[in-house]
Amino acid sequence: MTENDFVLTGKLALPMLGKVCWKAPSNIALVKYWGKKENQIPANPSISFTLDACATTTSITYTRLENSAADFQFELYFEGKLKEDFKPKIHTFFKRTERFLPFLKNYEFTIETSNSFPHSSGIASSASGMAALALCLMSIEKKIRPDIKDDFFYKKASFLARLGSGSACRSIEGDLIQWGSSPHIPNSSDLFGIHYPFEVHGNFRNFHDTILLVHKGQKTVSSTVGHDLMHEHPFAKERFSQAHKNLDKLKSIFASGDLNSFMEIVESEALTLHAMMMTSLPYFILMKPNTLEIINRIWAFRDATKTPMCFTLDAGANVHVLYPESAKEKAIQFIQDELVAYCENGHYICDRIGKGAKQLSTAIG
Ligand code: DP6
């Protein structure tokens with residue numbers, strides 16, 4: 001598929017008003033997206049578990065304008081309060097998606113959004129937030145074009161979400177989503193995420209992700225800046241080719257259920273992501289002392305007990321502890337006994353693999 005397949009054409013019969021609502025989850029990358037080309041095209045393919053508990057719920061109320069407006073007309077409420085400072089991001093998103101959603105300037109939108117996780121948790125909400133927004137816009141498109149099929153609906157939602165935030169394209173569906181063109185994965189695309197098309201062993205079907213909130217403050221470097229720094233990065237070429245190799249290696253690992261090899265790739269990906277940040281110019285460190293304490297304790301516990309449990313990191317200090325259903329009791333006990341002490345105010349979030357976004361009903365629409 002190409003970008004042009006997502007352009008909405010023809011004479012549009014625009015409904016007067018309505019309301020749509022979606023809840024979209026966050027996701028955690030196993031092979032990381034870090035580095036991009038123009039137009040939100042990833043420099044390498046990535047793959048993630050879709051999460052369940054960490055999610056954004058967004059509704060859009062839309063009212064048709066008499067005449068199409070010169071600029072986008074919208075108000076944004078975050079957790080019940082008008083949020084002027086979130087508007088530029090949404091404005092940029094509308095600008096990037098207007099070609100594919102030509103009705104945007106025909107409406108006045110009221111966008112209401114909230115997260116299931118605390119705003120100051122250090123958990124990025126761009127993936128779940130942009131996914132929920134893209135799905136709401138697709139629901140409006142479906143009112144205009146009721147004949148669109150589910151497959152197209154979700155593909156275009158992922159395509160639009162990507163234009164808001166790259167990793168958001170992996171937050172539409174569950175439970176194992178791959179994004180970015182790979183010569184060895186049929187139908188893989190730089191434009192949207194797809195269901196991982198190969199065999200996946202039961203070991204990977206009920207994974208847990210306990211997110212240890214090590215540092216809840218704002219990150220010192222945004223992902224956008226971090227992606228940019230990959231352009232002049234001395235190790236970029238090697239890194240992108242390593243991501244391809246890791247994705248290829250996962251094929252037999254997912255099929256056989258080999259947890260040890262899985263954990264090795266996932267941890268190596270997390271450390272490589274942070275190594276890229278530490279070796280860019282300017283360089284920066286997003287891990288905190290407690291991030292390293294937790295990593296060392298996970299390694300010691302795994303060595304001593306052989307419990308299949310590993311960590312991964314986003315572009316921040318928080319640690320995602322990943323383990324299969326079979327290790328749940330031991331893992332939770334260990335986290336409570338040994339790791340919670342390293343979390344800010346003892347806070348952590350128990351999440352697990354999820355099935356993707358859900359549409360919620362609204363009184364109107
Ligand atoms: C470290 O998707 O937040 O979480 O496309 O600029 O919005 P933008 O970046 P973003 O980058 C996510 C980076 C990551 C790795 C990943 O999720 O693959």
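Where does Asn345 lie? Asn345 is in the loop between helix H8 (328–339) and strand E13 (348–352). Keep in mind that this is a predicted model, so I am talking about computed geometry throughout.

Start with the torsion. Asn345 is not a glycine, yet its phi is positive, about 55°. As background, most residues other than glycine have a negative phi, and most peptide bonds are trans. With a relative accessibility of 61%, Asn345 counts as exposed, because the cut-off for that label is over 50%.

Next, Gln40. Here too phi is positive in a residue other than glycine, with a value near 60°. Gln40 sits in the loop that runs between strand E2 (36–37) and strand E3 (41–42). Is Gln40 buried or exposed? Its relative accessibility is 6%, so Gln40 counts as buried, the cut-off being under 20%.

Now the peptide bonds. Two are on my list. Pro282 belongs to the loop between helix H6 (259–278) and helix H7 (289–305).

The other is the bond from Gly174 to Asp175. What is its omega? The value is near -10°, and this bond is cis. Asp175 is found in the loop between helix H3 (150–164) and strand E8 (176–179).

Conventions: Residues are numbered from 1 along each chain as its sequence is written. This is a predicted model: local features need pLDDT of at least 70, side-chain atom pairs count only at pLDDT 80 or more; totals for chains, interfaces and linings use all residues. Side-chain values use heavy atoms; hydrogens and water are left out. Helices (H or I, at least four residues) and strands (E, at least two) are DSSP runs, numbered from the N terminus. Buried means under 20% relative accessible area, exposed over 50%, partly exposed in between (1.4 Å probe, protein chains only).
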